[in-house]
Amino acid sequence: FEELAPRLAAVGRRVLAVILTGMGSYGAKGGQVVVNNGGTVIAQDEASSVVFGMPKEAIRLGGAGRVLALDAIAATLAQFGR
């Protein structure tokens with residue numbers, strides 16, 4: 001994911017990533033790169049996740065600035081695009 005850092009640095013705050021239900025840590029690591037370059041990361045909350053592994057790891061690593069339920073993520077995406 002570090003190879004993305006130069007490209008992310010160019011767009012910084014305009015990047016929004018969402019980490020949804022799933023297993024593993026690759027999304028969490030990518031989230032850290034986005035956050036470290038000024039972007040925003042939203043992780044799905046435990047209550048609305050089928051498998052909370054990846055969102056949980058993103059939260060633990062500090063790679064998620066917001067933790068939201070699935071329906072709230074949709075509303076936030078709609079507002080972000082405005």
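Biologist: In what order do the three strands of the open sheet stand?

Modeller: In this predicted model, three strands form an open sheet with parallel pairing. E1 and strand E3 (66–68) are the edge strands, each with a single partner, so one side of each lacks a neighbour in the sheet. Neighbouring strands are turned by 25 degrees against each other on average, direction ignored. The order is E1-E2-E3.

Biologist: Which residue of E2 is the bridge partner of Ile19?

Modeller: E1 and E2 pair in the parallel sense over four bridges. Within E2, the bridge partner of Ile19 is Ala43.

Biologist: Which residues of helix H3 are buried, and which exposed residues does the face turned away from them carry?

Modeller: The buried residues of H3 (residues 53–61) are Met54, Pro55 and Ala58. They span an arc of only 100 degrees around the axis, which puts them on the same side of H3. Their cover includes strand E1 (16–19), helix H2 (26–36) and strand E2 (40–44). On the face turned away from the buried side, the exposed residues are Lys56 and Arg60.

Biologist: How far is the backbone oxygen of Asp45 from a polar atom of the side chain of Ser49?

Modeller: Ser49 belongs to the loop between E2 and H3. From a polar atom of its side chain to the backbone oxygen of Asp45, the distance is 2.7 Å.

Terms used
Residues numbered from 1 in each chain as written. Predicted model: local features only at pLDDT ≥ 70, side-chain atom pairs only at ≥ 80, totals over all residues. Heavy atoms only, no water. Buried < 20%, exposed > 50% of the residue type's maximum accessible area, 1.4 Å probe, protein only. Helix = DSSP H or I, 4+ residues; strand = E, 2+ residues; numbered from the N terminus. Arc of directions from axis to C-beta. Contact = heavy atoms within 4.5 Å. Polar contact = N/O pair within 3.5 Å; in protein donor to acceptor, adjacent residues only side chain to side chain. Pairing = 2+ DSSP bridges. Axes fitted to C-alpha atoms, helices over the stretch in contact; angles between N-to-C directions.
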